[in-house]
Amino acid sequence: MPRRILIIRMIPVDTFLYIAQGAFEQGLIYSFMVMGLYISYKILNVADLTVDSSFTLGAAVTAVFTAAGQPWLGLLAGIAAGAAAGIITGLLQTKLRIQPILSGILTMTGLYSVNLLIMGKSSLSTAGKENVFALFSFLGKGFSKIPLLIILAAGVIALLTVFFRTQIGMSVRATGDNEQMVRASSINADAMKILGLAAANALVALSGGLLQQYNNAASADMGVGTVVIGLASIVIGEALFRRGGVLRGLISALLGSIIYRCIFAAVLQIGLDASYMKLFTALFIVAAVAVPTLKRSGKNS
């Protein structure tokens with residue numbers, strides 16, 4: 001342990017700042033996925049596994065349009081494609097009465113082939129093509145990404161906060177809280193669930209599209225383990241910030257995503273292989289979920 005700490009201290013200041021900036025940027029990018037997962041997991045109370053493939057779907061669609069010189073149109077098309085994926089999962093759940101987890105798995109599995117068809121191969125590079133971050137290119141290459149990501153994050157949080165205070169938004173929230181009560185109130189709970197899943201996966205696809213723009217590449221496997229990363233970020237956010245309304249939940253999701261990426265970067269600097277990070281994340285989630293349960297069990301005994 002002392003040796004690893006020594007290694008961290010020996011990192012040059014400019015290298016440390018570069019790593020910290022990269023972690024912050026990626027945290028902002030992944031925050032859209034975390035906010036989408038927050039909608040499905042916390043608001044709708046649905047375990048949606050579509051996330052792993054809708055993330056890649058957003059990246060794949062964005063990459064194809066970016067390769068054709070239309071990065072902004074690609075981002076919008078990716079968001080629409082993600083929403084469509086959410087609608088499919090919602091229809092499987094509500095119309096065919098397939099269990100939520102199985103519905104997500106079916107959509108996720110089907111989308112893997114769809115993503116390959118969209119890209120035409122397992123990976124697609126857009127290196128040398130203009131991307132959405134060129135909007136702030138006048139700030140210099142090293143600072144062109146953060147302003148756009150902050151503006152998008154603030155815009156999404158504001159839009160979702162307003163939406164979930166409308167009558168339709170309140171109905172979506174009520175469906176997650178008590179579906180039977182919603183049905184008894186003559187509200188179309190199925191439509192609310194489909195709408196919520198569409199919004200959630202649209203945000204996930206936006207995250208995938210932004211990551212594609214950030215890396216100038218998309219691959220069929222880039223979304224693997226995304227749902228675990230999202231859950232870990234939600235757990236971190238809720239652990240550090242008290243639970244509250246939608247606004248606080250979305251902000252905690254954003255901050256949890258940034259903190260997770262910073263932890264990820266720190267772990268890599270310590271020397272842990274990146275391939276072990278998903279195991280570390282899974283164990284972290286298990287511990288975070290199990291500790292409160294064990295505490296309650298101890299009190300009851």
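Asp190 is buried, at 8% relative accessibility. The model is predicted.

Arg183 forms a salt bridge with Asp190, 2.6 Å from N to O. Arg97 counts as exposed, at 54% relative accessibility. Arg183 is partly exposed, at 32%.

A further bridge joins Glu179 and Lys193, at 3.0 Å from N to O. Glu179 lies in helix H8 (residues 179–184) and Lys193 in H9, so the pair links parts 14 residues apart in sequence. Lys193 is buried, at 14% relative accessible area. Salt bridges that share partners join Arg97, Glu179, Arg183, Asp190 and Lys193 into one network.

Now follow H9 itself. At its start, a side-chain oxygen of Asn188 comes within 3.2 Å of the backbone nitrogen of Asp190. H9 has 27 residues and reaches 39 Å from first C-alpha to last. Of these 27 residues, 23 are buried, so H9 is largely enclosed by the rest of the structure. Just after H9, Asn216 takes a positive phi of about 55°.

What surrounds the helix? The largest nonpolar core has 59 residues, and Met33, Met35 and Leu210 have the most contacts inside it. H9 (189–215) is among the elements giving it two or more residues. The largest share, eleven residues, comes from H2. Beyond its sequence neighbours within four places, Met35 contacts Val156, Ile157, Leu203, Leu250 and Ala253.

Key:
Residues numbered from 1 in each chain as written. Predicted model: local features only at pLDDT ≥ 70, side-chain atom pairs only at ≥ 80, totals over all residues. Heavy atoms only, no water. Core = buried A, V, L, I, M, F, W, Y, C linked by side-chain atoms within 4.5 Å. Buried < 20%, exposed > 50% of the residue type's maximum accessible area, 1.4 Å probe, protein only. Helix = DSSP H or I, 4+ residues; strand = E, 2+ residues; numbered from the N terminus. Contact = heavy atoms within 4.5 Å. Expected span 1.5 Å × (residues − 1). Polar contact = N/O pair within 3.5 Å; in protein donor to acceptor, adjacent residues only side chain to side chain. Salt bridge = Lys/Arg side-chain N within 4 Å of Asp/Glu carboxyl O.
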